[in-house]
Amino acid sequence: MSLAATPLATLALTVFAAGPALAQTASAALMATAATTGVASVPTAVPAGDAQIMRGAYLSKVGDCAACHTVDKSKPLAGGLPLATPFGTLYSTNITPDNATGIGAYSYDDFARALREGVAKDGRRLYPAMPYPSYAKINDDDMHALYRYFLSGVQPISAANHENGLNFPFNIRPLMTVWNTLYLPKGVYQPDPQQSVEWNRGAYLVQGLEHCGACHTPRGVTGQELSFGEQGNSVFLSGYSLAGWYAPNLRSAVADHGGNWSHQDVVAYLRSGRSKDGAAFGPMSEVIEDSTQYLHDDDLNAIATYLTSPAVQTVASTVTQPTPPAAGTQDAVATELRAGHIGSTGAAVYLNSCNACHRSDGTGAMAAFPALAGNAAVNTTDPSSLIHIVLTGSHMPSTDAAPTPVAMPGFGSRLSDQQVADLLSFVRSSWGNHAPAVTSDQVAKVRKIVSSAP
Ligand code: HEC
Ligand code: HEC
Ligand code: HEC
């Protein structure tokens with residue numbers, strides 16, 4: 001649809017495009033959520049032996065419902081998590097089956113409408129911080145299982161919802177009607193007959209319940225994801241920077257890892273949070289901890305089949321490919337650092353703040369401290385995530401497959417914008433890394449977002 005052509009679009013644009021970062025409503029909220037919740041508690045009271053309810057409980061993990069809908073771990077799914085947006089604060093709501101304060105009075109149709117169309121039972125238009133544009137693809141079987149679980153498998157908790165603190169005019173819910181008319185994808189997932197059953201299962205999960213595109217797909221001026229599937233475009237999952245983190249391009253993930261990111265690597269990453277290069281960090285750490293580590297083998301394999309398939313891997317590498325030192329030769333930077341020859345401010349900061357864990361040759365230490373040499377995350381064009389992790393630190397996901405949540409401290413209060421820029425420019429040009437330098441302006445931007453987070 002051509003935006004400029006419709007009066008509705010003009011209205012939506014006027015309303016939503018008024019500030020510097022307005023496009024980030026939903027997405028910033030998603031990132032904020034993922035970064036603040038930590039491990040969501042497993043909801044209780046599933047009657048043993050009810051297969052449909054058990055399946056619904058599993059699907060709620062796939063959809064990561066508890067991560068956003070829990071603020072107090074002793075009250076799973078009772079809502080209240082504040083999501084910072086550039087327009088003010090939005091709170092998730094109580095989705096336990098409590099009649100007065102939760103969704104106890106929801107019929108199946110009410111529930112399906114909230115998840116697929118973003119309309120609550122009382123007619124309230126929900127903001128797309130609730131990822132209903134992705135959940136629109138959930139099929140009827142799965143929707144029924146989720147409904148049974150939420151209404152009959154979750155403990156009701158009385159917890160009143162917060163008024164949202166969005167600023168005028170974003171607090172006008174009916175405006176979402178316009179947004180939905182323009183952007184909401186219609187209809188549940190339609191299998192691609194050219195592809196295998198396993199591939200289609202993967203596509204269904206990634207595009208739907210897992211809502212991977214909510215962070216990894218670029219957004220337009222009114223915060224809408226620019227695509228909801230890989231067909232006929234290279235935009236879906238092609239990378240987006242929000243809330244000061246960069247969720248990388250997954251359409252070139254295989255090429256980005258030197259042509260080496262295999263099916264098994266994707267499975268291992270989503271199950272354990274660890275990869276050959278390093279470890280998941282920031283919001284992805286939470287996604288793995290709260291959701292993907294719980295996926296059954298066949299579902300993880302389906303996702304990996306989809307993500308590594310030629311239909312998805314359509315984009316050339318977006319990472320400046322590193323050149324590792326030839327076998328048996330000494331890396332020049334490592335030699336200098338070990339000898340205490342500091343060639344630049346960046347090298348000096350590295351020696352003081354990073355060397356102890358990531359080592360003078362940038363290889364880190366197996367399983368605890370990720371290698372910075374040759375790391376795709378370090379060499380990616382957009383340096384937001386690197387700046388963010390140096391400012392705030394991060395912890396690896398704690399998963400059943402890799403239980404130790406090793407953490408990196410933040411250096412935001414100790415290093416100036418210029419020092420961080422020098423440091424990262426050094427890291428991105430040492431040990432065979434070849435990525436563009438980082439400027440202090442880029443650091444200042446991320447620092448601003450970080451310091452305004454809730
Ligand atoms: C990324 C965060 C996020 C995730 C993940 C998420 N939600 Fe939500 N959800 C929200 C927010 C925020 C609201 C409130 C939106 C508003 O007030 O406009 C909401 C509202 C709802 C509502 C409306 C309830 C009411 O009457 O207020 C339902 C139902 C719901 N979510 C169900 C779910 C289910 C089921 C899942 C998992 C399949 C889920 N949500 C996953 C953020 C999320
Ligand atoms: C809340 C936002 C968010 C969601 C939802 C999300 N991701 Fe991520 N993802 C990120 C960020 C930020 C990074 C960069 C940090 C890192 O590499 O650990 C990332 C990194 C990744 C990487 C590593 C890419 C590389 O080249 O190193 C993969 C693979 C990935 N995500 C897959 C997925 C899949 C599959 C889903 C859906 C199941 C998903 N992500 C959902 C934010 C998100
Ligand atoms: C105390 C040990 C420690 C120190 C000091 C440290 N780091 Fe880290 N670093 C870690 C750990 C642990 C992770 C993994 C965090 C995660 O996965 O969430 C990490 C992750 C990273 C990553 C992401 C790489 C990836 O693929 O996971 C980058 C980039 C990074 N560190 C750079 C730096 C820089 C630059 C410094 C110096 C300012 C530094 N680190 C200091 C322990 C450390």
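A residue is taken as buried if 20 or more other C-beta atoms lie within 10 Å of its own. The legends below describe a predicted model.

**Figure 1. Loop between α3 (51-62) and α4 (65-69), with aspartate 64.** With 24 C-beta neighbours inside 10 Å, aspartate 64 reaches the cut-off and therefore counts as buried. The phi of aspartate 64 is positive, about 60°, although the residue is not a glycine. Most residues other than glycine have a negative phi.

**Figure 2. Loop between α20 (417-427) and α21 (440-452), with tryptophan 431.** Tryptophan 431, also not a glycine, has a positive phi near 55°. Within 10 Å of tryptophan 431 there are 25 other C-beta atoms, so this residue is buried.

**Figure 3. Shell of 26 residues around ligand 1.** Gly63, Cys65, Cys68, Thr93 and Met130 are the closest residues to the ligand. By class, the shell holds 17 nonpolar residues, seven polar and two charged.

**Figure 4. Helices that contribute to the shell around ligand 1.** At least two shell residues come from each of α2 (25-36), α4 and α5 (108-117). The most come from α4, which supplies four. The loop that holds aspartate 64 lies between α3 and this helix, α4.

Figure 5. Of the 454 residues in the protein, 47% are buried. Among contacts between residues at least 6 apart in sequence, 70% join residues at least 24 apart.

How values were computed:
Residues numbered from 1 in each chain as written. Chains lettered and ligands numbered in written order. Predicted model: local features only at pLDDT ≥ 70, side-chain atom pairs only at ≥ 80, totals over all residues. Buried ≥ 20, exposed ≤ 12 C-beta atoms within 10 Å, placed from the backbone. Contact = placed C-beta atoms within 7 Å. Near = placed C-beta within 6 Å. Nonpolar A, V, L, I, M, F, W, Y, C, P; charged D, E, K, R; others polar.
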